[in-house]
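Thanks, everyone. Please have it open on your screens.

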Amino acid sequence: MKKENHTDKITRKEAIQKMGKYAAMTAVGTFVILNPLKAQTSSPPSPGGDPFS
Amino acid sequence: MYNNLAPTYKHRIGDYWALWYAVSNSYSIIDHEFNLLLEAYLHSATKSDFLNTISDTFTVSECNGIIDSLFNYLSDCNKPYNPTEFPSTALDTSFRHITKTYSFGGKTIEINYDSELVLKTIHPALAHFCINTHSNTTLATFDVYLNNDDLFLFKDQKLISQVSKYNYHHIQGKFIMHLLCTIHGKEEHDWIGTLHGSTITDGNTSLIFVGESGRGKSTLSALLTTNTFHLLADDVSPLLAEDQHIYYNPSAISIKAGAFNLLQPLVSNFDKLPIVEFNKSKGKLKYIPSLKPKEDHYPCKAIILVDYQPNAATQLEHLSVKTILETIIPDSWLSPDPEHAQQFLDWLSALQFHKLTYSDTESVTDEISELFQQLK
């Protein structure tokens with residue numbers, strides 16, 4: 001586990017206090033995780049019937 | 001705390017941080033506030049240590065909510081990446097009913113199709129490279145056929161993709177990847193990714209147009225190719241690791257029926273281009289061939305989110321990396337190789353991001369010309 005010095009902790013604590021409650025609560029509620037496609041594709045077709053009929 | 005769940009790479013891009021997690025090959029774009037909390041969480045030795053850092057600002061219940069959110073976020077970012085696998089199948093040459101030969105500046109490939117319908121998945125975009133003579137020096141032979149509702153794609157008798165017929169766009173994507181490898185002399189592992197967007201060049205640099213289907217990426221690219229610009233890639237823009245340039249994709253620009261009226265007066269011989277009707281969901285399409293740019297590859301300087309709005313004034317405005325990546329990443333293939341992910345983040349850091357709203361063909365061409373001038 002990475003060791004941290006006392007100053008880093010104080011600075012982070014102060015930064016979080018400064019950021020304020022509203023900004024922090026908004027930030028943790030709005031993250032997005034982006035997953036790329038697992039394989040190469042062209043533009044996907046619109047959903048529909050059998051494309052080869 | 002939970003240092004094993006920490007992101008593998010972290011890049012500052014504009015006002016945001018772009019994080020990449022190797023185990024899941026996932027990206028997340030977080031703001032300054034989220035970054036501070038995540039840093040504090042990951043650097044705290046224990047849960048009570050983290051609580052001590054945030055308890056002056058939040059109530060106990062809020063603290064617990066933050067801890068849950070951060071833990072859930074990290075758990076989701078660390079879901080293992082499982083590459084798609086398919087069973088090995090031997091090539092059945094009895095499906096070889098139609099054979100076409102294509103020449104890309106003297107580099108020749110051959111494709112065997114089992115039917116006219118299967119041919120329509122690949123051939124129309126490359127029809128302008130089709131030659132009538134058989135070549136004895138083909139660089140690669142592809143086979144595409146439909147068997148028991150699955151589409152199979154072989155390269156030099158080796159199966160490279162097998163998907164349900166409803167996912168034929170995967171066969172198209174895999175084929176394009178291997179076509180690019182063949183004509184550019186590369187291997188699949190040489191690419192950082194294939195970005196879902198159309199790229200144009202002014203002969204010095206290039207711009208990628210991205211956006212949801214139907215927003216006018218391809219139409220805009222076609223329009224610009226009638227005005228001194230060259231198409232580098234339509235729909236699939238390949239990014240090479242070695243030089244982080246976008247490479248030439250020879251596929252013609254695919255245009256949906258909704259854009260026919262706009263392009264008809266601008267594209268020469270538009271009426272003579274055949275209408276391709278592959279299936280009802282795609283509707284009528286025309287494929288516009290365009291002249292190859294002078295070079296095979298160009299550096300990219302900007303990604304532009306395109307939004308065609310009837311009667312809207314042309315407007316180019318700055319956009320955040322967050323919006324651009326939320327658009328581009330879920331629709332692009334990006335290599336899970338850590339070196340490639342690092343290169344992708346480095347590449348992004350040097351780009352400009354814009355949103356382009358347009359309807360008028362003249363003013364949008366002027367706007368793009370100006371942008372190219374600025375990027376010089």
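Start with an open sheet of three strands in chain B, in the order S16-S18-S17, with antiparallel pairing. Strands, at least two residues of E, and helices, at least four residues of H or I, are DSSP runs numbered from the N terminus. Two strands pair if DSSP finds at least two bridges between them. S16 (253–256) and S17 (276–277) of chain B are at the edges with a single partner strand each, so one side of each has no neighbour in the sheet.

Before going on, the conventions. This is a predicted model, in which local features need pLDDT of at least 70 and side-chain atom pairs count only at pLDDT 80 or more, while totals for chains, interfaces and linings use all residues. Residues are numbered from 1 along each chain as its sequence is written, and chains are lettered from A and ligands numbered from 1 in the order in which they are written.

Back to the sheet. S17(B) is joined to S18(B), residues 284–288, by two bridges, and the two run antiparallel. Opposite Glu277(B) stands Lys284(B) of S18(B). Helix H7 of chain B, residues 217–225, lies across S16 and S18 of that chain, at about 120° to S16(B). Such angles run from 0 to 180 degrees between N-to-C directions, with axes fitted to C-alpha atoms, for helices over the stretch in contact.

A further set of pairings involves S22(B), residues 352–358. Strand S19(B), residues 297–308, pairs with S22(B) in the parallel sense over seven bridges, and Asp307(B) stands opposite Thr357(B). S20(B), residues 315–318, runs antiparallel to S22(B) with four bridges; there Glu317(B) stands opposite Lys355(B).

Now the two chains. How many residues does each bring to the contact? Chain A brings 38 and chain B 59, where contact means C-beta atoms, placed from the backbone, within 7 Å. Helix H1 (6–19), helix H2 (21–29) and strand S1 (33–34) of chain A each supply at least two residues of chain A's side. S1(A) pairs with S3(B), residues 26–30, in the antiparallel sense over two bridges, and Ile33(A) has Ser28(B) as its bridge partner.

Last, Leu37(B). Not counting residues up to four places away in sequence, Leu37(B) touches Ile16(A), Ala24(A), Ala27(A) and Val28(A), along with Ile66(B) and Leu70(B).

Conventions
Contact = placed C-beta atoms within 7 Å.
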